[in-house]
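Dear colleague,

Please find below the structure for your review. My findings follow directly after it.

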Amino acid sequence: MRGAKSAKWVAIAAVVALGATACGGGGDSGSGSNDGIVSMEIGEPQNSLIPSNTYETEGGQVIHALFTGLTKLDADNKVVNDLASSVESKDNKVWTIKLKDGYTFHNGEKVTAQSFVDAWNYGADQTNAQQTNPLFNHIQGWSDLNPGEGKKVTAKGMSGLKAVDASTLQVTLTGAFSAFPTQLSFYGFAPLPKVFFKDPKGFGEKPIGNGPFEMNGTFKHNESISLKKYDKYPEASKIEVKGVNFKIYSNQDTAYKDLVAGNLDLDITVPNSGLPTYKKDLPNRTIDESDSGVGYIGFPIKYNKAFQDKDLRKAISMSIDRKAIADKIFLGARMPADDFISPIIDGYRKGACGDACTLNPTKAKQLYKKSGGLPGNRLEIGYNADGDHKAWVEAAANQIQQNLGIKVTAKPFEQFQGILNDLDAKKYSGAFRMGWNMDYPDMENYLRPIFSKDAITSGSNYAGYVNPDFEKLIVEGDHAPSHEAAIKKYQEADDVILDEMPYVPVYFYKTNGGFSDKIKSVKIAGHQILWDSVKLS
């Protein structure tokens, strides 16, 4: 989801809105007296606050605080059990999950195996049009809930889900999938209380979760989302923070100024304007670490014939100076991308992209001419203005213009959700800035949710890209007998898209943030705050 938005997207990965933050406004609690309330910058979430319909990092931060899943990422980005006491399988196909006792929803209802069965069936049913729908496609019976556009769902749920008893969940997959426990760390697999199904729309404005924090009021759109500590949470004693006020900004510069002035406590995305001085502005209160996100320029291949020649896409890629963007625009806060897979993920290969991700104006011009070029020799690149992307997109546009000798313009969209919605509706046909932040730490999560055929209708495949060889290799990776064997197949799938470039990888993200003097230390995993790691001054 993450950093960008994930399926319908990081993102990640999500579709990750990596760096897509929103509106300078509201909220209380800056860094004044230490009342235990921490204010944090986010952008306006794309949708209401339902786990299975949240596939971008802004809403993801809130869902992560409100809900607890079966597994989670620790501070080393390793998957460990959370609400699950065990997740076991003899064949990587049939999984038995035992739940810990003592977890309740914020209305007092006990969390049971059925809470997960009902939530997953809702998320997987095409009738409900949930963003994370494709993540359930490994479960037996998912296809019955997704007969296709214009066809009515007749199945009552996925046949592969069974609540054996209140504390035992059995999940049967369509085939072996060794990454399943890793996938469960994504909040789209969170449980839901019975009250959700009576009024999903109303629930999304004031969700009832099972996590360390509960809603303190309703979702105030474009202003704030306020949470308070849930005292009946089993791990409540380990959490020092008494509440979280997510302040929604539409401008990252405004958020950063608030952070420096002491009117904001936590911002994990320092804007370009703050990069030269943020370590001086926030002495001993900065975050600088590797991140799972990848930044792209994408092409609506299926919906705009001008982009259908892969030589054209490679020409654009080879006319971009990634090192200049990373060093001069981001001052080292990004790294030039050389793969579709993040360097922190098993299976990443340094230099995998080869010549296609290497600046070469001469070869780029040759490929552009060979492809037949663009109508009128004009290219437009859309981007979300609330995410501090203006500088790098304009820099890339200038590089492409200079190196290909064509007219390139950058088109701003006011908010990330705006460009996402227009891409969803096929209203925008230009190239577009996009990013992906992992949902869970596995190569598969950088491939299927973005480039598979299924992801066109229920994922983040805004390119409309389809390749049978890619599809075949992804399935073979899913069914591989070991993690190592799966990586080899996923790398072959990666090679297919590296050759065809439906998107152009531009940079790898790093997390560059800061916090107020109210906070002593904080840790992040998968672009999410580990709230039990936040220590107050």
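Leaving out residues up to four places away in sequence, Trp 531 touches Val 38, Met 40, His 64, Ala 65, Phe 213, Ile 239, Val 241, Val 244, Phe 246 and Leu 266, where contact means heavy atoms within 4.5 Å. Trp 531 is also, with Trp 120 and Leu 266, among the residues with the most contacts inside the largest nonpolar core, which has 160 residues. Such a core is a set of buried Ala, Val, Leu, Ile, Met, Phe, Trp, Tyr and Cys residues joined through side-chain atoms within 4.5 Å; buried means under 20% relative accessible area, exposed over 50%, and partly exposed in between (1.4 Å probe, protein chains only).

Please note that this is a predicted model, in which local features need pLDDT of at least 70 and side-chain atom pairs count only at pLDDT 80 or more, while totals for chains, interfaces and linings use all residues. Residues are numbered from 1 along each chain as its sequence is written, and side-chain values use heavy atoms, with hydrogens and water left out.

Helices (H or I, at least four residues) and strands (E, at least two) are DSSP runs, numbered from the N terminus. Helix H7 (residues 310-318) packs against helix H15 (residues 483-500) at an angle of about 85°, and their axes are 8 Å apart. Axes are lines fitted to C-alpha atoms, for helices over the stretch in contact, with angles from 0 to 180 degrees between N-to-C directions. H7 and H15 are therefore roughly perpendicular (65 to 115 degrees; under 35 is roughly parallel, over 145 roughly antiparallel, and the rest oblique). In this contact, Lys 310, Arg 313 and Lys 314 of H7 meet Leu 498, Asp 499 and Glu 500 of H15.

The buried residues of H15 include Ala 486, Ile 487, Tyr 490 and Leu 498. Their cover includes H7, helix H12 (448-451) and helix H14 (468-478). Just after H15, Met 501 has a positive phi of about 50°.

Two loop residues may also interest you. Ser 342 lies in the loop between strand E13 (334-336) and helix H9 (361-371), and counts as buried because its relative accessibility is 0%. Neighbours within four places in sequence aside, Ser 342 contacts Asp 291, Ser 292, Val 294, Tyr 348, Tyr 446 and Phe 508. Ala 129, in the loop between helix H2 (113-124) and strand E6 (161-165), counts as exposed at 58% relative accessibility.

Yours sincerely
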